[in-house]
Amino acid sequence: MENRAYFRTVWLGIALVVPQALLVLTFFYWPTGAALFWAFTLEQPWGGGSQFVGFDNFVAIFEDSYYWSSVVRSLIFAVAASLLAMGIALTMALFCDRQLRGYAYYRTALVWPFAVAAPAAAVAFRYVFAPEAGVFSALNQIYPNLWNPAMNGNHAMIMIIIAYAWKYVAYNFIFFLAGLQAIPRALVEAGAIDGAGVLRRMRDIQLPLLTPTFFFLLVINLTDSFVDSFGIIDITTEGGPAKATTLMVYKIYFDGFKGLDYSGAAAQSIVLMLLVIGLTVVQFRYVERKIHYK
Amino acid sequence: MIERTPILNVATHLILVVGLAIAFVPMWLVFVAASLTIQEINTPPISLIPGNQLLVNLAEAWNRAGLGDKLLNSLFVAVMVASGKIFIASLTAFAIVFFRFPGRMLVFWMIFVTLMLPLEVRIVPTYAVAANALAPAQAVLEITGIAWLWRMLTGVELALEWNLLNSYTGLVLPLVATATGTFLFRQFYLTIPAEIVEAARMDGAGPLRFLRDMLIPLSKTNMAALFTIMFIYAWNQYLWPILVTTDRVNYGTAVMELKRLIPTAAATGGGTPDWNVAMAGCLIVMLPPLVVVALMQRYFVRGLIGADK
Amino acid sequence: MKILRRAALALAVTSLLGAATDASAQQRIKFELWQGLTGDLGERVNDVCKRFNDSQKEFEIVCISQGSYDEAVQNSIAAFRAKKQPTIVQVFDAGTADLMLSGAFYPAKRLMADHGHTVDWDRYIKGVANYYATSKGELYSFPFNSSTALFYWNKDAFAKIGKIEAPKTWEEVETVSRQLKAAGYACPFAFEYDTWQIMEQFSAIHGQPIATKGNGYEGLDAELVFNKTRFVDYVKFLKKGYDEGIFAIKVKETGATIGEAFGAGDCQMTQMSVASHGTIGKIAKPGMNWDVAMLPVFAGTQRVNSLVGGASLWALSGKSKDEYRGAAAFFNFIALPESEEYFSTVTGYIPVTNPGFKAMMDKGFYNAAPFKGREIALAQLTASEPTPVSRGIRLGGFIQIRKETRDALQLIFANRVGVEAGLDQAVERGNTILRRFEKTYAGKQLP
């Protein structure tokens, strides 16, 4: 991409990035710096003072087995929710793109959950998955405790994954469908003339050409699932039962803002930040290669 | 393309109908809940057929949360966030892709990293910044000694202050300070064939004219897509608005009022579980983003298809 | 762009309106109160503020709900650090220790004395005041919305098994539950993991400590001990009933909270806050007969007073003289007997002063529905003189400790861990939190 630098007016280039750079410095790096500072101190919540404690906060969280289980759960959640949302969205997009009768209706109907506020979606799923009231009540009457996210941590995890993925299906669908429609019709038609069936064309032509979209979405989905799951968890399970759905971001929120342990929460957010940055860098490099060298 | 694949067509419809069910069932339940009385909603099993209280509950939610003003506030904030984002992101991406200047990649990574750290984990320090957005600038002046120099020269204490609490600026700016759009525009600009840029340069077009005459027209669909995304993102915010607006009467947004409609049954609080009203409020608050998606989608998707034909 | 223009227009209109309101209220001194209640109860607090504004011309209090108790504390901290704090904030029981050590407040007693109000501090009901007072008994904040947990029972269901009285001991609860089950009731007794109801009330009433050092009042080096008290027996008792199928867990994640399940007539007994008394009245199935009673004790136990729940009002430091005058006037106003009666009428909360309670008793406030029964909360709160373990809980990081205990209870009832092992673990983790808190406030002492 180095040979893309076409304009050599240096001052203009700089001037163009200044607005965003200033915003990001003020509203992102300055506060993040403050959080970093807290991670190495014991901070009194009401601002009465703080003392430097070195890596004590990090040692405390790394020695805490509950912290490690929140890391594992976050990873499970990230992978499961991303794959679920992207898998369903990709399937829907591929079949929707066949443009059979009713295409426009399907398209419209599959897109709108994207606009629903996370709290609203979470509330809806609380009803849907309630063991005694929702769709599972009939099953539960026959087999008690067949489904009970209030008692069973695995059920709770499944619930938040589905509630979270629900919204992201629509999000991914939009991008996949756009990606599919950006594929020149001529290519697909050429495949048809060569005698490739619908499914074969999906596999051999459309899917490979969707790779850049796929990786773009994977980056977004994974990072979002680390940080954006908060609203869903807060409304459906509050991290329970017995911490079964306490993902990293929820633990940070709880320890910091409910538990008033700012320093512990700051240390945790530094770890989360490093983790997500690491993942993204790996993926990003991979995406770059896919796009430019393949 | 006409192919005869009757079995596959049936399968296609089946798959898509399952998709529809996934999308609609949860929201149908919200709708039903919003149309029940408080007794009905607290009597399991949950009804699947709407009751007759929808209008009553809608009116109650509207009045209790003062949704009229709040919807206008939300609308303004969402439009400002979306427009501000498009403006800033397209400029930044333009500079990063089409210019070479020292620190170009540094700026790119600096902005890109912001994708990764949610507002939640740095909310308290961010709030402190909102209380005085010039605090970082002040600190820079102090550290570099400019503040000291100023005091020496003028005898006046240099104290920069710009309070963003309880203001539209405070609601909007921190939401604009992320990387979402920059990343999107950069990806798009990278796909612009070198020939187009070469051609523009041959014609003697400067960078700004290239931006205006070539890039912006080409980016229309991207801008529309970004507008939709950012509008909804901004509209659906609730943690940040709750913190930055303590003056809810004048600056409250719709979604934060929704959160207030949701009864929290803390052990010592124990509000009335009037979920029917909360659900009705939910419907009202959900509606504007849905309208935007419905309106923008036509433009958005047709634009994409149109580019292909 | 049309949207944009209209929004801009709307903005102009709103700011004009805003300016107009400002102008008319200019002569009054404005100050803010941030409260943690929402929904119906939040509205009732706003009504109290409105009554204060209507009662005089000098001050105007602006009451703003922050969404929840947690958020009221959390937002006040953020605001305090940014020097934008309200004059008064409502802080719930569990946030008390942090605030006491912060030095970020104007002590109630001094505030009133500085502004010429004479307050008879003995008016406050001891069981209420001690929860918020220092170990020496001085009030730093004003008790405001106060409640305690009560036993709720369904009279219709009891009539079916030939009973007309609420159980007085937990042993009776067990017997009655079995009879109700036999009579076809699926959920005789419902409970939830809430430690305020299960652990804190139980321990106080049975005279059992939660932590050493008088539940933390005597020093930051207190240690949790609830894994060694009769609380363990109580959890075992609940677990046994749960396993037998006569006790059920009702939390919002299962679709209905204990209050909703009781109100719907699905569960026949439960324990919850007196603040829910009004709520149950509203959501109860039409025609359902129900009542409240004191929380049961284990047979042969000498009853001690129960713990108060709810929140108190703190004046934060760093505000102007005028704002403090206003705050003092407001505190004075809410302590008036008629203010107390008003607030208790529109909510389930109990009065916090002896004269207030007496005035309401004399007027016959508690003689008839829907208020009948709420006086039992007072009787339970004043069942004995507060003892070192029943005056309250003064532990740092108590919000996290409650969470750890709640998590342990969830594991215990899901059969993932035994009762003793689960509670031992909660105590161990809780003590880590206490030590961390002690270190954060190194060199400081609880007043």
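Two strands pair if DSSP finds at least two bridges between them. Helices (H or I, at least four residues) and strands (E, at least two) are DSSP runs, numbered from the N terminus. This is a predicted model, in which local features need pLDDT of at least 70 and side-chain atom pairs count only at pLDDT 80 or more, while totals for chains, interfaces and linings use all residues. Residues are numbered from 1 along each chain as its sequence is written, and chains are lettered from A and ligands numbered from 1 in the order in which they are written.

Start with chain C. Here five strands form an open sheet with mixed pairing, in the order E8-E7-E9-E6-E10. Strands E8 (247-249) and E10 (290-293) of chain C each have a single partner strand, so one side of each lacks a neighbour in the sheet. On average, neighbouring strands are turned by 30 degrees against each other, direction ignored.

Now look at strand E6 (residues 149-154) of chain C. Five bridges join E6 to strand E9 (residues 267-273) of chain C, and the two run antiparallel. E6(C) also pairs with E10(C) in the antiparallel sense, over four bridges. Which residues stand opposite C:Trp153? In E9(C) it is C:Met269, and in E10(C) the bridge partner is C:Asp291.

Helix H11 (residues 230-244) of chain C lies across strands E7 (187-191) and E8 of chain C, at about 95 degrees to E8(C). Such angles run from 0 to 180 degrees between N-to-C directions, and axes are lines fitted to C-alpha atoms, for helices over the stretch in contact.

Turn to chain B. Two packed helices are described by the angle between their axes and the distance between the axes. Helix H4 (residues 67-98) and helix H9 (residues 168-176) of chain B pack at about 40 degrees, with axes 9 Å apart. H4(B) and H9(B) are therefore oblique to each other. Under 35 degrees counts as roughly parallel, over 145 as roughly antiparallel, 65 to 115 as roughly perpendicular and the rest as oblique. Residues are in contact if their C-beta atoms, placed from the backbone, lie within 7 Å. Among the residues that meet are B:Phe76 and B:Ile88 in H4(B), and B:Tyr168 and B:Leu175 in H9(B).

A second pair follows. The axes of helix H10 (residues 180-190) and helix H13 (residues 220-235) of chain B come within 11 Å and cross at roughly 160 degrees. H10(B) and H13(B) are therefore roughly antiparallel to each other. Their contact includes B:Leu184 in H10(B) and B:Leu226 in H13(B).

Notes. Contact = placed C-beta atoms within 7 Å.
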